[in-house]
Amino acid sequence: SSSSALAVSGLGAGAVLVGLEATHTFDTDAASYERAVACQTDGQVLGLDCPLDPAATHTCDLASLNGGRPYSGTYACPRVVPTCLFWDPSADGFSSEGCQVAEGYTAGSVTCACSHLTTFAL
């Protein structure tokens, strides 16, 4: 087991900020996961070519989504984003209660804003 310094700031100022190095690289470019869809006919199946699911599709449903008229929009493909977790001994598992990812995470580093100190993970 290796140990490394843990950056903690904000003690006594509301949320505790905990900086963690990511063990998985996060893609921070949300735009690369957006797909434009343009539905002209009911039941039309559009291939989305999502990065994590290249076989993903959208089935056009004109009646439900636009009163029977053609529509267009943006589909957000699923992507891996960080979640701040801590070990909850009462649940004998990880929990995210009281923690959230602070704005500005990078591909290799995440700051968690939590209402308590404990054992953290991404």
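**Reading a predicted chain**

The chain's secondary structure amounts to 1 helix and 11 strands. This is a predicted model, where local features need pLDDT of at least 70, side-chain atom pairs count only at pLDDT 80 or more, and totals for chains, interfaces and linings use all residues. Residues are numbered from 1 along each chain as its sequence is written, and side-chain values use heavy atoms, leaving out hydrogens and water.

Me: Why is Ser115 called exposed?
Reply: Exposed means over 50% relative accessible area, buried under 20%, and partly exposed in between (1.4 Å probe, protein chains only). Ser115 has 55% relative accessibility, so Ser115 counts as exposed. You will find Ser115 in the loop between strand 10 (109–114) and strand 11 (120–121).

Me: How much of the chain counts as buried?
Reply: By that cut-off, 25% of the 122 residues do.

Me: How do you know where confidence is lowest and highest?
Reply: From pLDDT, the predictor's confidence in each residue, from 0 to 100. Strand 1 (residues 7–9) is lowest with a mean of 60, and strand 4 (residues 45–47) is highest at 96. The chain average is 85, with 87% of the residues scoring at least 70.

Conventions
Helix = DSSP H or I, 4+ residues; strand = E, 2+ residues; numbered from the N terminus.
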